[in-house]
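I open my notebook on a structure that is new to me. I want to look up its sheet, its helices and its pockets.

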Amino acid sequence: HVTQDSLRKNISFIPQDATMFNRTIRENIEYGKIGASDKEIIDAAKHASAHMFIKKSPNGYDSLVGDRGIKLSGGQRQRIAIARAFLKDSPILILDEATSALDNESEFVVAKALSELSEGRTTVTVAHRLSTIRKSDRIMVLTEEGIVEEGNHEQLLEKKGMYYKFYQMANELS
């Protein structure tokens, strides 16, 4: 009973490098729900922690983002993509390395917005940074052989396997 159209309606996808169109910020957010009201767009931007930087833009929500969003920082592009997903309000969310290309400050803001967006949704997160997945209900460690470990953060640390090794290495670097 699943159609391509029903999949599109029920899934929001936020990749590492979010697609931006050479249109206004408003239109880029509205792509999540064509015909959305200004209030819906602004509410979505607020949830995505994007409203403040948008207000400071030369023309606010009517500022052009440039080809592929060139006039925006990586964090700003991610927050617009998150606003799109908030506006779409789909039950399934797929995050593909959604914070990997961000600096620490932007990652913190984006991670907070993604955490709020994930609430009450089935969320599939593809990530290399363990901080991105730490609070997940279920984590699967994938290698060339397939799934080699599965569990939540605490369970995987207790196993002292591959996840534990990655966690120890990440802590040594910080």
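Predicted model: local features only at pLDDT ≥ 70, side-chain atom pairs only at ≥ 80, totals over all residues.

**Entry: the largest pocket**

I looked up the largest pocket and found about 1,700 Å³ of space in it. I see 44 residues lining the largest pocket, and the closest to its centre are Thr125, Thr132, Ile133, Arg134 and Ser136. I sorted the lining of the largest pocket by class and got 20 nonpolar, 15 polar and nine charged residues.

Which elements each supply at least two residues of this lining? I list H6, S3, helix H7 (130–133), strand S4 (139–143) and helix H9 (162–173). H9 gives the largest share, eight residues.

**Entry: the second largest pocket**

I read a volume of about 310 Å³ for the second largest pocket. Its lining has 13 residues, and Ser12, Phe13, Tyr31, Arg84 and Lys88 are the closest to the centre. S1 and H5 each supply at least two lining residues here. S1 has the largest share, with five residues. By class, I note eight nonpolar, three polar and two charged residues in the lining of the second largest pocket.

**Entry: the sheet**

I turned to the strands. Three of them form an open sheet, ordered S1-S2-S3, with parallel pairing.

I then checked one pair. Strand S2 (residues 92–96) meets S3 in the parallel sense over five bridges. Leu95 has Thr125 in S3 as its bridge partner.

**Entry: the helices on the sheet**

Helix H5 (residues 74–88) lies across S1 and S2 and runs at about 175° to S1. Helix H6 (residues 104–118) also packs on the sheet, where H6 touches S1, S2 and S3. The direction of H6 makes about 155° with that of S2.

How do the axes of H5 and H6 cross? They cross at roughly 5° and come within 10 Å. H5 and H6 are therefore roughly parallel to each other. I noted residues on both sides of the contact, including Ile82 and Phe86 of H5 and Val109 and Leu117 of H6. By class, this contact has eight nonpolar, three polar and two charged residues.

Methods:
Residues numbered from 1 in each chain as written. Heavy atoms only, no water. Pairing = 2+ DSSP bridges. Helix = DSSP H or I, 4+ residues; strand = E, 2+ residues; numbered from the N terminus. Contact = heavy atoms within 4.5 Å. Axes fitted to C-alpha atoms, helices over the stretch in contact; angles between N-to-C directions. Parallel < 35°, antiparallel > 145°, perpendicular 65-115°, else oblique. Nonpolar A, V, L, I, M, F, W, Y, C, P; charged D, E, K, R; others polar. 1 Å grid on protein atoms, 1.4 Å probe; cavity = no way out; pocket = protein on both sides within 12 Å on 5 of 7 lines; lining within 4 Å. Points joined across faces, edges and corners; volume = space filled by probe spheres on them.
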